[in-house]
Amino acid sequence: MSIKQKKMLVIVFLLTLFALIVFLILGIIHFIGKALNNEDEKREENKVINQNTVAEVNEIKKEKVIDDWRLVLVNFDNPLPENFEVALTDIDKYRKFDSRAISYLNQMIEAMKSDGITAIWVQSGYRSIDSQTKVFNEQVEKFIGERKVKRRSRKTNTSNYK
């Protein structure tokens, strides 16, 4: 093989290699562009879904007002009103419970006992404003600082012990 033929062979090889690299780069660019378009389409779909969901939730909120004492959420973000009062029934000489729910509590305890669960009792029931304030203040003293206490105890009217 002459030198001229060898040079031609190298040139053909390099041109073929160059063409392959160009096609590879174009393929990668096409693939990335398609992936980005799919992400944009998904974002748009999610945006529409989220807008529809928000609208549906807003409609549900408008339509449904939950006015059931059994479904009241009481916690730090949802305090009871200052004038909240509830009728109480004694569980024993130390603890009290919401009179509206005492029959449910008793049914639950009896059902557990009939299923063989005998070590059951009410650990803590209703706390008055004074007693919850006392518990909270004791926790503040003990843990020095309300920030740590908020994870362990609740201020008055933000406790689910009401």
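**Entry 1. Strand β2**

I began with aspartate 98, which I found in strand β2, covering residues 96–98. The model is a predicted one, and I read every value below as computed from it. Is aspartate 98 buried or exposed? Its relative accessible area is 14%, so aspartate 98 counts as buried, the limit being under 20%. I then looked for a partner of this side chain and found a polar contact of 2.7 Å with the side chain of arginine 100.

**Entry 2. Chain overview**

I noted the secondary structure next: the chain has 4 helices and 2 strands. In sequence order the elements run α-β-β-α-α-α. I also looked up the buried share, which is 12% of the 162 residues in the chain.

Helix α1 takes in residues 3–63, and isoleucine 25 is found in it. I recorded isoleucine 25 as partly exposed, since its relative accessibility is 45%.

**Entry 3. The loop between α1 and β1**

I located glutamate 82 in the loop that lies between α1 and β1, the strand being 88–90. With a relative accessible area of 69%, glutamate 82 is exposed, as the value is over 50%. I also checked a separation across the chain: the C-alpha atoms of glutamate 82 and isoleucine 129 are 9.9 Å apart, although 47 residues separate the two along the sequence.

**Entry 4. Helix α2**

I checked the length of helix α2, residues 102–114. Its 13 residues reach 18 Å from the first C-alpha to the last, close to the 18 Å expected at 1.5 Å a residue. Which residues of α2 are buried? I listed Ile102, Leu105 and Ile109. Viewed down the axis of α2, these buried residues fall within an arc of 60°, so they line one face of the helix. On the face turned away from that buried side I found the exposed residues Gln107 and Ser114.

**Entry 5. Helix α3**

I repeated the length check on α3, whose 15 residues should span 21 Å at 1.5 Å a residue. The end C-alpha atoms are 21 Å apart, which agrees with that expectation. The buried residues here are Gln132, Phe136, Gln139 and Phe143. The face turned away from the buried side carries Asp130, Lys134, Glu141 and Lys142, which are exposed.

**Entry 6. Salt bridges**

How many salt bridges does the structure hold? I counted 5, and I describe some of them here.

In helix α3 (residues 129–143), lysine 134 and glutamate 138 are 4 residues apart, about one turn of the helix. These two residues form a salt bridge in which the closest N and O atoms are 4.0 Å apart. Lysine 134 is exposed, with a relative accessible area of 52%, whereas glutamate 138 is partly exposed at 44%.

I next examined aspartate 92 and arginine 95, which form a salt bridge with the closest N and O atoms 2.1 Å apart. Aspartate 92 counts as partly exposed because its relative accessibility is 24%. Arginine 95 is likewise partly exposed, with a relative accessibility of 24%.

I also noted the salt bridge where the side chains of arginine 70 and aspartate 68 meet, at 3.0 Å from N to O. Aspartate 68 has 24% relative accessibility and so counts as partly exposed.

Definitions and conventions
Residues are numbered from 1 along each chain as its sequence is written. This is a predicted model: local features need pLDDT of at least 70, side-chain atom pairs count only at pLDDT 80 or more; totals for chains, interfaces and linings use all residues. Side-chain values use heavy atoms; hydrogens and water are left out. Buried means under 20% relative accessible area, exposed over 50%, partly exposed in between (1.4 Å probe, protein chains only). The expected span of a helix is 1.5 Å times one less than its number of residues. The arc is that of the directions from the helix axis to the C-beta atoms. A polar contact is a pair of N or O atoms within 3.5 Å; within protein, one must be able to donate a hydrogen and the other to accept it, and residues adjacent in sequence count only if both atoms are side-chain atoms.
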